Amino acid sequence: MNLKKIIVAFFFAVSYSLSFGDEVISPQSTIDSAKIYYDLIAEENYQAYSRPNVIGMIAGGSLTVVGGALVGFGLYAILDASNPQTFGDALGRAVGGLFICASIPFLGVGIPVLSYNTYKYIVHKGHANKRDEYQAALDRYKLRKRGGASSALQLMIFPELNFIEKRGGVNAVVRF
């Protein structure tokens, strides 16, 4: 009964080895994670380009500042005119109203451009941070693969058989 199980297991192992053995055992089939890291870094690097967003934030910020200054000047001109019966104060109110009207296109364009580009800059900065994390992980992977300096303690224990002197034992190697 046990011999049948052993024979079946043997033939199963041989048939598995003949059908899939080359892919499983051969060194060409091993997956190198470095290629996966390189692909991830390239994808994140493509999405991390934020120079147009910086230019957009500068342009939108400038338009918003100009619009805000026009609103400030307009409100100052309107509030400074204390006597509406004099020509100078009426002119000040009219100029203040024109400044406020002129600020509408600046603020109407500047605020959305500034807010959109700020949002996209934050998104691209997140991709840049992710790219840096992938690069650090790739560096750690290469160091582990090379067997470089590791801060971990490695302990290898293996048996020893000495046939000449008819004794055996256990050896241990500690690597820092």
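The UniProt annotation "transmembrane region", from an unreviewed entry, covers residues 54-79 and 91-114. Such annotations may be inferred rather than shown by experiment. The model here is itself predicted. Over residues 54-79 the chain is 100% helix and 0% strand. The end C-alpha atoms of that stretch lie 37 Å apart. Residues 91-114 are also 100% helix, with 0% strand. There the end C-alpha atoms are 34 Å apart.

Now take the whole chain. Its secondary structure comes to four helices and two strands. Read along the sequence, the pattern is α-α-α-α-β-β. The chain has 176 residues, of which 17% count as buried.

Turn next to helices H3 and H4. H3 spans residues 51-80, and H4 spans residues 87-146. How do H3 and H4 pack, and at what angle? The angle is about 155°, and the axes are 6 Å apart. Over 145 degrees counts as roughly antiparallel. H3 and H4 are therefore roughly antiparallel to each other. H3 passes H4 in a left-handed crossing. By class, the contact of H3 with H4 has 21 nonpolar residues, 16 polar residues and two charged residues.

Aromatic rings give another view of the fold. The structure holds two aromatic pairs. One of them is formed by Tyr37 and Tyr141. Tyr37 sits in helix H2, residues 33-47, and Tyr141 sits in H4. The two tyrosines are 104 residues apart, so the pair links distant parts of the chain. Are these tyrosines buried or exposed? Both Tyr37 and Tyr141 are buried.

Phe73 and Phe99 also form an aromatic pair. It is tilted, at 6.4 Å centre to centre and 55° between the planes. Phe73 belongs to H3 and Phe99 to H4. The accessibility of the two phenylalanines is worth a look. Why does Phe73 count as exposed? Its relative accessibility is 52%, and the cut-off for exposed is over 50%. Phe99 has 32% relative accessibility, so Phe99 counts as partly exposed.

Terms used:
Residues numbered from 1 in each chain as written. Predicted model: local features only at pLDDT ≥ 70, side-chain atom pairs only at ≥ 80, totals over all residues. Heavy atoms only, no water. Phe/Tyr/Trp six-rings, centres within 6.5 Å; stacked < 30°, edge-to-face > 60°. Buried < 20%, exposed > 50% of the residue type's maximum accessible area, 1.4 Å probe, protein only. Axes fitted to C-alpha atoms, helices over the stretch in contact; angles between N-to-C directions. Parallel < 35°, antiparallel > 145°, perpendicular 65-115°, else oblique. Left-handed = near helix turned anticlockwise from the far one by under 90°. Nonpolar A, V, L, I, M, F, W, Y, C, P; charged D, E, K, R; others polar.
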